[in-house]
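Me: I'm new to this one and would like to go through it slowly. Could you show it to me first?

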Amino acid sequence: MALETVSTSTSHGGTQGVYRHASAATGTPMTFSVFVPAHAPGERLPVLWYLSGLTCTHANVTEKGEFRAACAEHRVIFIAPDTSPRGEGVPDAEGYDFGQGAGFYLDATQAPWSMHFHMRSYIEDELPALIAAEFPMADMARQSITGHSMGGHGALTIGLRNPDRFRSVSAFAPIASAMHCSWGEKALTGYLGTNLAAWRVHDACALIADGARLPELLVDQGDADGFLDQLKPELLRDACAAAGIPLTLRMQPGYDHSYYFISTFMPEHVAWHAKRLHG
């Protein structure tokens, strides 16, 4: 589990680092980024996880997310993993919505994907253990999670499955119900087979219908997003209403699916999580 430092840069008084390690979960090298605000010796800071969307790596949000000023102000560590295993010998597929760059934050059970595509285990277990071991300033008793699109799906489902681990959960334009859109149906079939019962723990709305609960949710969605037919925020709204989960769903006029949208509202999400992490 040895950690390699790829790069470090000073930003907003803190340190933006990129790191690589050999993952036991995926059987491949995995790269992730961590921003650590300035802190006193021995001080421990809470952690905000960010899960990226289709085709992305750690670099998209690290370079375009505009989170560092807010994280420095609110004293929150920001961690951005990759979206899938990569490299020679790792299976891939035609198109952007399956294979490398499209791990969907699940553990594949179908060949050939089952050898490497174990992103659920990586995000829920292996990487948090690595962070705890290598970043002593990270207070793993105070964690929150957010994400975008496929990563929003990941944040919602991981948060719903682990409500005692995360103090707060938010998302930007999440895939609200993977079972009810072509992106999700393709991924769930390819990675997990046709057993619909196995799909339900990877669908935020199904998890809520099956009894998973969170104290509240914050979701931002652009109303000019060209992928609304895949994201289906109305299904999340209805599921939360039926379950009594307070959902703040903000349909942002004129915004699309890009990092222009994400970066606009990222400081508000950081501040929202920080209030709960420091509370």
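**Helix H9 and its surroundings**

Reply: In helix H9, which spans residues 233-243, the buried residues are Pro233, Leu236, Ala239 and Cys240. Buried means under 20% relative accessible area, exposed means over 50% and partly exposed lies in between, with a 1.4 Å probe and protein chains only. Seen down the axis of H9, these buried residues fall within an arc of 125°, so they line one face of the helix; the arc is that of the directions from the helix axis to the C-beta atoms.

Me: What does the buried side of H9 pack against?

Reply: The buried residues of H9 pack against helix H4 (150-161), helix H7 (204-209), strand S8 (217-222), helix H8 (228-231) and strand S9 (247-252), where a contact means heavy atoms within 4.5 Å. The face turned away from the buried side carries the exposed residues Ala241 and Ala242, and H9 is followed by Gly244, whose phi is positive, near 75°.

Me: Before we go on, where do these values come from, and how are residues numbered?

Reply: This is a predicted model, in which local features need pLDDT of at least 70 and side-chain atom pairs count only at pLDDT 80 or more, while totals for chains, interfaces and linings use all residues. Residues are numbered from 1 along each chain as its sequence is written, and side-chain values use heavy atoms, with hydrogens and water left out.

Me: Okay, zooming out: how many helices and strands does the protein have?

Reply: The protein has 10 helices and nine strands, these being DSSP runs numbered from the N terminus, with helices (H or I) of at least four residues and strands (E) of at least two. Of its 279 residues, 57% count as buried. Among contacts with a separation of 6 or more, residues 24 or more positions apart account for 71%.

Me: And what is its radius of gyration?

Reply: The protein has 17 Å, which agrees with the value near 19 Å that a compact globule of 279 residues would have. The radius is taken over C-alpha atoms, and the globule rule is 2.2 Å times the number of residues to the power 0.38. The C-alpha atoms fill a box of roughly 50 × 45 × 35 Å, taken along the principal axes.

Me: Which residues have a positive phi although they are not a glycine?

Reply: Arg75 has a positive phi of about 60°, and Ala173 has one of about 45°. Arg75 lies in the loop between helix H2 (68-74) and S5 and is partly exposed at 29% relative accessibility. Ala173 sits in the loop between strand S7 (166-172) and helix H5 (182-192), and at 0% relative accessibility Ala173 counts as buried.

Me: Last one: where is the cis peptide bond?

Reply: A cis peptide bond joins Ala111 and Pro112, with omega about 0°, and Pro112 is in the loop between strand S5 (77-81) and helix H3 (119-134).
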